[in-house]
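Hi,

Here's the structure I promised to pass on.

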2 protein chains.
Amino acid sequence: MVCSEVVMNSKNDNIIWHDTQITKDDRAVRTMQKPCVLWFTGLSGSGKSTIANAVEKILYENGNFTYLLDGDNVRHGLNSDLSFDEKSRVENIRRVGEVSKLFVESGLIVLTAFISPFREDREMVRTLLEDGEFVEIFIDTPLEVCESRDPKGLYKKARAGEIKEFTGISSPYEKPKKVDIYIKNDNISIEKACEQIIDYMIKHSYIKWRED
Amino acid sequence: MVCSEVVMNSKNDNIIWHDTQITKDDRAVRTMQKPCVLWFTGLSGSGKSTIANAVEKILYENGNFTYLLDGDNVRHGLNSDLSFDEKSRVENIRRVGEVSKLFVESGLIVLTAFISPFREDREMVRTLLEDGEFVEIFIDTPLEVCESRDPKGLYKKARAGEIKEFTGISSPYEKPKKVDIYIKNDNISIEKACEQIIDYMIKHSYIKWRED
């Protein structure tokens with residue numbers, strides 16, 4: 001194999017080595033998409049993870065390069081040192097934001113599914129990224145629907161006082177004032193929700209739609 | 001557009017939504033490589049970043065999907081809350097390890113360039129990953145060579161006592177006992193160092209070499 005031009009002027013260590021770097025733009029060229037964060041926000045049980053997973057599957061089938069960050073792969077790993085008090089929740093979102101930024105730099109479209117109830121925290125993440133890289137998606141599902149689903153039994157525990165500061169019950173959810181994609185998830189199918197997101201991504205040139 | 005099979009059985013929210021997930025294997029298929037962490041370790045000024053950047057460029061030109069984590073993109077972002085005392089340095093490496101794991105799951109080959117002087121910390125990262133996913137690369141450059149280069153003027157400050165616990169001067173560097181790739185960087189060219197790493201990656205099927 002040949003290491004080509006990266007080694008020009010660097011035959012021994014007596015001269016200064018020249019750093020060549022692959023840039024963010026290089027990586028986006030390779031993945032043939034406009035990297036961004038699809039930031040899903042909404043109550044527990046609102047359908048964030050389900051819709052994010054479905055969108056990721058569509059993007060995958062479309063040939064895109066993606067990754068999904070959620071409680072499962074973040075809370076047990078990178079953020080396993082954090083608890084659930086307010087300070088830790090802010091730090092949780094900050095780290096997810098910073099990691100999302102790294103993924104965007106790597107050329108990927110990253111989907112995140114966290115309740116992220118506070119407007120200020122979501123805006124903080126937006127400021128970490130460049131214009132157009134942060135796409136906020138609000139899954140607006142009525143509390144009573146989320147509570148009736150209660151897939152993890154958390155609302156029941158929150159009502160019984162076993163979980164403190166539970167979003168929607170004993171801690172506020174601050175709806176976005178201005179959101180990139182608004183999904184009114186009252187009685188919407190996953191298909192419709194996905195379509196809304198994919199259409200937005202095509203329209204704003206994040207992806208190209210590959211017809212079969 | 002059509003959201004195809006992901007939406008089967010999910011026409012409204014009265015029924016349980018079915019999560020479909022893109023797996024780690026799916027992502028590795030898409031990037032057509034065996035994702036791993038190339039973990040560069042060695043003294044400050046040993047050439048970790050330079051070699052890692054050069055290897056990344058070769059991989060990029062070979063059509064691979066990569067990302068490089070180093071002090072520049074981690075210390076100012078994700079780990080900006082950490083100082084340089086021992087506890088923080090351990091936490092720094094832990095987080096880099098966890099983020100590397102996420103990148104491996106996303107299908108990428110991630111290169112990391114941190115001094116990571118303690119054997120225990122490097123072994124901790126190895127345990128986060130599956131067999132064969134952690135490739136430890138020791139850039140073994142004599143201290144006097146690193147100090148004579150001193151690209152950031154850090155050795156000078158350390159000798160003057162302005163930096164405490166500086167690896168190689170006032171804090172130990174623990175050489176790996178068993179390493180995946182050993183680079184004796186006494187008077188080696190970047191070309192030779194890259195060749196050693198790329199050859200290892202081809203031999204262990206992390207990548208396929210694409211002839212022009």
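Before the rest, some housekeeping. This is a predicted model, where local features need pLDDT of at least 70 and side-chain atom pairs count only at pLDDT 80 or more, while totals for chains, interfaces and linings use all residues. Residues are numbered from 1 along each chain as its sequence is written, with chains lettered from A and ligands numbered from 1 in the order in which they are written.

Back to the helices (DSSP runs of H or I, at least four residues; strands are E runs of at least two). Helix α4 (residues 86-105) of chain A packs against helix α3 (residues 71-78) of chain B at about 155°, with the axes 10 Å apart (axes are lines fitted to C-alpha atoms over the stretch in contact, and angles run from 0 to 180 degrees between N-to-C directions). That makes α4(A) roughly antiparallel to α3(B), the term for angles over 145 degrees.

Chain B also has an open sheet of 5 strands with parallel pairing, in the order β2-β3-β1-β4-β5 (strands pair if DSSP finds at least two bridges between them). At its edges sit β2 (66-70) and β5 (181-184), each pairing on one side only. Strand β4 (residues 134-140) of chain B pairs with β5(B) over 4 bridges, and I137(B) stands opposite I181(B) in β5(B).

Cheers

Note on methods: Angles under 35 degrees count as roughly parallel, over 145 as roughly antiparallel, 65 to 115 as roughly perpendicular and the rest as oblique.
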